[in-house]
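This report covers the model shown below.

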Amino acid sequence: MIGQAVNRVDGPLKATGRAAYAYEHWEAGQPLYGFIVGATIGKGRITRIDTEDAEGAPGVQLVMTYLNAPAQGPRDESIPFEYWRAQPMLTGPDIHFYGEPVALVVAETFEQARDAADLVEVEYRAGRGRFDFGEFEDDTYIPKTVNAGLPTDTAVGDFDAGFAGAEVKVDQQYTTPYEFSMPIEPNASMVAPHGDDDLVVYVSCQITDAARDSVAGTLMMDPERVHIVTPFVGGGFGSKLGIHSETILAAMAARALGRPVKVTLTRQQVFQLVGMRPTSSQRVRLGAGHDGRLAAIAHDVTMHTNPDVEYAEQTAATVRSLYAAPHRLTSHRLTALDLPRGTDVRAPGEAPGMLSVESAMDELADALGMDPVELRIRNEPTVDPERNVPYSDRHLVECLREGARRFGWENRPATPASVREGRWLIGYGMSAAIRGHFQGPTTVRVRLEPDGTAVIQTDMTDIGTGTYTILTQVGAEGLGLPLERVRIDLGRSDHPSSWGSGGSWGATNSSTAVHRACAALRTKLLDAALGDTRSPLHGQDPSAAVFSDGDVAIGGASEALREIVARHHPDGVEAEGQTRFMGDDPNYSDYSINTYGAHFAEVGVDADTAETRLRRMLSVFSVGRVFNPKTARSQLIGGMIWGVGAALEEEAVVDPRSGAFVNRDFAGYLVPVHGDIPADIDAVVLEGYDDKANPLGAKGIGEVGICGSGAAVANAVFNATGVRVRDFPITIEKLL
Ligand code: MOS
């Protein structure tokens, strides 16, 4: 079952509209609708707020502002991860960023709420905000930590001496813009009071456990009284790792009114209220010998942060494990701006970091007159060069070679701007990819019912990636059941808890826990049958047991699982399986566990208008064992396409006067659409099995696709035109 291209088991529910998303849980009763009023300044203070007209408008039940909002728990920095912390809203008159909620208007219909929101009168005294990264980029400080608990700075050898002595050098500055996750389903929540003091929270989120703690901490409730329900999520990419104002405001209003309240963000509000990938300025220095061997690597990054909620993407962290070099430096610095907090956006840090580093490697190859694939192969390390531990299962060179062969890399134009087809200048580019693999605590319960069907329960989410499908496969294999006799029950905080979907860890954590729960359940079933004189398996050797097709067989004897359950566990039988935090798993300290890839892209650039078109793209990955090649390919190609967008299109622009994102909709914030992506795009995965990662040998795939893929496109643009753009995205005016 594992490794088969099984169709999505939840596909029919989604295609027929029966999969309920956060805003669609009508079973909770007729809800009220809340609409968020956002600040129209980016920094300052509310001097007057008048809700009288709004309160008198048709259908309005409540207008909540800082003047009547309930007391809330504080953000508690002793809780290790932001997403589990309280997120208090409407706490006072101060404005910290443009669009910050200043009121929630609750009415009988959405239209009434939105209409009345316009009647809330707010006057401000605007302060002078820091909105422009370029203006304040030199005013930096060292973050407390880098995302995922990584060190802010590292140093190995003597970089200055190594770089000074290098025969060929690259020393360049790259900049990357604000980017957004922007899943199809905007952040949304419906909160329904239940019983005396409970809240049922239907919310679009990636980590159910975090949502529960965050709601409970904010509303100062017992977490057991908060019940998160999130069976279907329309995309996340980081924007739903935590919950946001929609959930907290809906919960406070539901409690105040004793009725279900739902709040969704408009698309424009998603741009202002959820957080974005920080903008960055990155200096990359590479020093090599004429033979291409790197002597010195440095990656120094400055990013924006919100002053109240510090966030530093791990932008310079990727290079720590990528290439060999005796002399190395990395650093992360922050500059505080009065903008929404930076947050995780798919491959946080790794995506913008690889865009710069892999562009710099292309610049080095050009300076050396060396093939960029060969340059990377020459710098393949034997151990992780900064952690000084072996790699668990590194196949970057195989990805590079296989990708080059399949793509026809040998046809690359040898000199930039040398090949033209009609209007089009043609170029090839490539990049390496690496991304760390993580493991977090996850518990899964597997239950075998008296009718012989299995139910798998965990608070794990499926954010569109295929969790339902792969857990069905792993459970079916683990118990020897046909796929249709395994049912997956996800996204409820009342189930055993997990680290949810994020960081490319969701599939492997939850699958490993299912695998272990199935093993424990098999043992229970075998113990029962072998010790029972009524069973045909009585007294047989359990090590020879084979579970298949709903039966367990030992030698010539066999019995249906259903029979064993009926006799010994008439109410069903269950077992749990777990994964643990990687910090407690020696494999994760003894080995450098990563996924790898190599991207190859061909572009055409219009010689007159500089319009750039991707013509084809191929990437080869090594990610350990794959659960389902169909869902895996979708993940990988999705990441690759996002990288194309990062190279050529995506950029949120801040108004330096107000701190508002000026292009806060899909008309102004460009992402690749079908017309931007050629049919000739493919992701190939090498056969693999990483025995250090987990007993299934699988690693995460959600994020490695975007790592480096933008650089392959950028490098192809250089090969086509001879113009190197270091300020991403590479839009037309920068090429002219
Ligand atoms: Mo991902 S940025 O951890 O959802």
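## An exposed loop residue

Arg-534 counts as exposed because it has 9 C-beta neighbours inside 10 Å. A residue is called buried if 20 or more other C-beta atoms lie within 10 Å of its own, exposed if 12 or fewer, and partly exposed in between, with C-beta atoms placed from the backbone. Arg-534 sits in the loop between helix 13 (506-530) and strand 21 (546-548). Helices (H or I, at least four residues) and strands (E, at least two) are DSSP runs, numbered from the N terminus. The C-alpha atom of Arg-534 is 54 Å from that of Ala-148, and the two residues are 386 apart along the chain.

## Model and confidence

This is a predicted model, in which local features need pLDDT of at least 70 and side-chain atom pairs count only at pLDDT 80 or more, while totals for chains, interfaces and linings use all residues. Residues are numbered from 1 along each chain as its sequence is written.

The protein chain has a mean pLDDT (the predictor's confidence in each residue, from 0 to 100) of 97, and 100% of its residues reach 70 or more. Both ipTM and pTM are 0.97.

## Domains

Between them, 17 residues of domain 1 are in contact with 19 residues of domain 2, where contact requires C-beta atoms, placed from the backbone, within 7 Å. The side of domain 1 that touches domain 2 has seven nonpolar, seven polar and three charged residues. Here Ala, Val, Leu, Ile, Met, Phe, Trp, Tyr, Cys and Pro count as nonpolar, Asp, Glu, Lys and Arg as charged, and the others, Gly among them, as polar.

Gly-11 lies in helix 1 (residues 11-15). Gly-11 is partly exposed because 13 other C-beta atoms lie within 10 Å. Gly-11 and Thr-469 are 458 residues apart in sequence, yet their C-alpha atoms are 9.3 Å apart.

Leaving aside neighbours within four places in sequence, Val-713 is in contact with residues including Gly-429, Ala-601, Leu-614 and Leu-648.

Definitions and conventions:
Two residues are in contact if their C-beta atoms, placed from the backbone, lie within 7 Å.
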